[in-house]
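Please look over the sequence and the structure before reading on.

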Number of protein chains: 2
Amino acid sequence: MTLQGWEASLDRVLALTVVLGQDMAAQLERDGLNDSRAHIIWELGHRGASKQAALATALGVTPRAITSLVDALVSHGLVTREPHPSDRRATLVTLTDRGEEVAHSFRVGHQELARRLFGDVPAGQLKTFDAVLEHVLDRLGPAHT
Amino acid sequence: MTLQGWEASLDRVLALTVVLGQDMAAQLERDGLNDSRAHIIWELGHRGASKQAALATALGVTPRAITSLVDALVSHGLVTREPHPSDRRATLVTLTDRGEEVAHSFRVGHQELARRLFGDVPAGQLKTFDAVLEHVLDRLGPAHT
DNA sequence: TATTGTTATACTCTATAACTATA
DNA sequence: TATAGTTATAGAGTATAACAATA
């Protein structure tokens with residue numbers, strides 16, 4: 001595949017995630033979530049309790065934005081602010097039981113999509129990123145140019 | 001492949017789409033575009049000169065939002081407002097030569113897949129994430145379990 | 001001095017509602 | 001009456017900057 005063809009194919013993969021993301025937003029809304037808030041839940045589910053500064057870096061937003069996002073998550077009962085054990089400047093953002101449930105549902109959905117996309121691939125076959133990409137593009141069907 | 005292996009593959013693809021999306025946003029910014037403004041250019045590229053009301057319906061936003069979006073596109077030299085030939089209430093939003101160039105670059109790009117995957121789905125039919133996922137997975141072919 | 005998180009402020013985007021001109 | 005597009009207003013989201021507390 002040419003460089004242009006490769007890049008165009010990546011664009012198509014992105015378009016897929018955009019469309020999926022738009023409809024996922026409606027589902028997130030039921031938990032008082034949007035993309036940014038869900039992203040924080042996702043990060044906490046993987047990193048465990050985190051400082052706001054760490055979340056700011058992870059999401060690529062300013063610390064000020066994290067203040068608002070955590071405020072919203074606290075108000076919806078998904079996280080709490082706990083004192084940091086060794087740094088009195090910082091707070092530890094911690095998932096509540098309900099927050100853990102939501103994080104778990106994210107992981108399940110992620111695993112489900114991964115299984116459906118890659119579930120029949122023999123172990124060790126997709127070694128390079130290009131191979132993974134080719135595989136996904138093949139799954140996009142006969143219209144793949 | 002293990003569950004972790006599938007997820008690692010998916011994560012790599014998703015990570016790539018994130019990076020690509022950031023790159024695309026930066027590219028759009030050079031033309032004074034964002035997602036909504038680009039969406040209008042894309043619609044005009046396919047519908048031809050259109051009433052603002054038609055664009056509001058196409059984008060799923062209010063007529064007020066279209067006013068602002070078209071203002072921005074006019075200021076960047078991508079569209080003009082022309083009088084509607086038969087309805088003096090309406091204006092025809094029309095691509096300039098430069099707007100046509102941008103629209104053409106879109107046509108060969110990432111939006112092609114979204115059209116190919118969802119172009120024959122009646123508007124509003126895929127309301128839930130599950131419905132969209134099922135539809136996409138059907139299109140993805142034999143791995144669908 | 002540097003870092004953590006906050007308050008204050010401003011900007012972008014888009015929704016609702018009221019309005020004018022026209023159909 | 002209904003429709004096209006505007007102005008007025010409000011809310012969400014996030015950026016920059018100034019600040020206090022702590023490292």
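Which helices of chain A and chain B each supply at least two residues of the surface near DNA strand C?

## The surface near DNA strand C

In this predicted model, the helices in question are helix 3 (52–59) and helix 4 (63–75) of chain A, together with helix 2 (35–47) and helix 4 (63–75) of chain B. Helix 4 of chain B provides the largest share of that surface, with 4 residues.

DNA strand C is surrounded by 22 residues, the closest being A:A53, A:T67, A:R89, B:N34 and B:S36. By residue class, the surface near DNA strand C comprises 9 charged, 7 polar and 6 nonpolar residues.

## Contacts to phosphate

Phosphate oxygens of DNA strand C are approached by side chains from both chains: an N or O atom in the side chain of A:K51 is 3.0 Å from one, and an N or O atom in the side chain of B:S36 is 2.6 Å from one.

## Nonpolar cores

The largest nonpolar core holds 22 residues, and B:L33, B:I40, B:I41, B:I66, B:V79 and B:F106 have the most contacts inside it. Among the elements of chain B that each supply at least two of its residues are helix 1 (3–30), strand 3 (91–95) and helix 5 (97–107), while the largest share, 5 residues, comes from helix 2 of chain B. Another core, of 20 residues, lies apart from this one and includes A:L33, A:L55, A:L78 and A:V93.

How values were computed:
Residues numbered from 1 in each chain as written. Chains lettered and ligands numbered in written order. Predicted model: local features only at pLDDT ≥ 70, side-chain atom pairs only at ≥ 80, totals over all residues. Heavy atoms only, no water. Near = heavy atom within 4 Å. Polar contact = N/O pair within 3.5 Å; in protein donor to acceptor, adjacent residues only side chain to side chain. Nonpolar A, V, L, I, M, F, W, Y, C, P; charged D, E, K, R; others polar. Core = buried A, V, L, I, M, F, W, Y, C linked by side-chain atoms within 4.5 Å. Buried < 20%, exposed > 50% of the residue type's maximum accessible area, 1.4 Å probe, protein only.
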